[in-house]
Amino acid sequence: GTLACDCDDITVEKAVSKSKIIIVAQVVVLLDTRREKRLARYHPRLYESYRVKIKVKQSLKGSLSLQQIVEFGSAYTDCDITYDKHKEYLLFLEKKGPVYEEQGCTKSGAVKGNELLVMQVKQFMKNNQNWLDSILIR
């Protein structure tokens, strides 16, 4: 079964430094189907999905470029985001083979209602560019 989500509240600093890729992205395709074998209780809805294709709107950290479309996997836990079609999300990611996954227990989530967080992440990135570069080089 899936575990309930149990995350300590994480600072912007910690979320930024533990993530290799941070983007603002728009959901373009929902990939879950009626035949998901992973969860007995999970029934995909037409407007939301755990697995999606997203288009990069802003690349805040890492190697993804603007307008690039990438596929997202999911561990299907309570910690995983279910994505709504066409909505924009701030995402802290890691790459798992050919797909990307949202890093659990970061500050990933819908942009709407979290505009301040997006600004804080950008501000932190700008203020700490040298410090972040030194972490990445190590």
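Guide: A residue is called buried when its relative accessible area is under 20%, exposed when it is over 50%, and partly exposed in between (1.4 Å probe, protein chains only). Both Y83 and Y89 are buried by this rule, and both F72 and Y83 are buried as well. The model is predicted, so local features need pLDDT of at least 70 and side-chain atom pairs pLDDT 80 or more, while totals for chains, interfaces and linings use all residues. Residues are numbered from 1 along each chain as its sequence is written, and side-chain values use heavy atoms, with hydrogens and water left out.

Visitor: How many aromatic pairs does the structure hold?

Guide: Rings of Phe, Tyr and Trp (its six-membered ring) pair if their centres lie within 6.5 Å; planes under 30 degrees apart are stacked, over 60 edge-to-face, and the rest tilted. The structure has two such pairs. F72, Y83 and Y89 make up one aromatic cluster.

Visitor: Which residues have the most contacts inside the largest nonpolar core?

Guide: In soluble globular proteins, nonpolar side chains tend to be buried together. A nonpolar core is a set of buried Ala, Val, Leu, Ile, Met, Phe, Trp, Tyr and Cys residues joined through side-chain atoms within 4.5 Å. Here the largest core has 17 residues, and I23, I54, L64, F72, Y83, L91 and L93 have the most contacts inside it. At least two residues of this core come from each of strand 1, strand 3, strand 4 and strand 6. Strand 1 gives the most to the core, with five residues. A second, separate core has 15 residues, among them V16, V24, V121 and F124.

Visitor: What does L64 touch?

Guide: Contact is taken as heavy atoms within 4.5 Å. Leaving aside residues up to four places away in sequence, L64 touches I21, I23, V56, S59, V70, L93 and Y100.

Visitor: How many bridges join strand 1 to strand 3?

Guide: Strands (E, at least two residues) and helices (H or I, at least four) are DSSP runs, numbered from the N terminus. Two strands pair if DSSP finds at least two bridges between them. Strand 1 and strand 3 run antiparallel and are joined by eight bridges; I22 has K61 in strand 3 as its bridge partner. Strand 3 also pairs with strand 4, again in the antiparallel sense, over four bridges. On that side, K53 stands opposite E71 in strand 4.

Visitor: How many salt bridges does the count come to?

Guide: A salt bridge is a side-chain nitrogen of Lys or Arg within 4 Å of a carboxyl oxygen of Asp or Glu. The count comes to four. One of them joins the side chains of D32 and R51, at 3.5 Å from N to O. This pair links distant parts of the chain, 19 residues apart: D32 is in the loop between strand 1 (21-30) and strand 2 (48-49), and R51 in the loop between strand 2 and strand 3. D32 and R51 are both buried.

Visitor: Where do salt bridges share partners?

Guide: K96 and E101 meet through their side chains in a salt bridge of 3.3 Å, N to O. K96 counts as partly exposed because its relative accessibility is 40%, whereas E101, at 15%, counts as buried. Shared partners join E94, K96 and E101 into one network. A further salt bridge runs between K87 and D84, with the closest N and O atoms 3.3 Å apart. K87 is partly exposed, at a relative accessible area of 39%.
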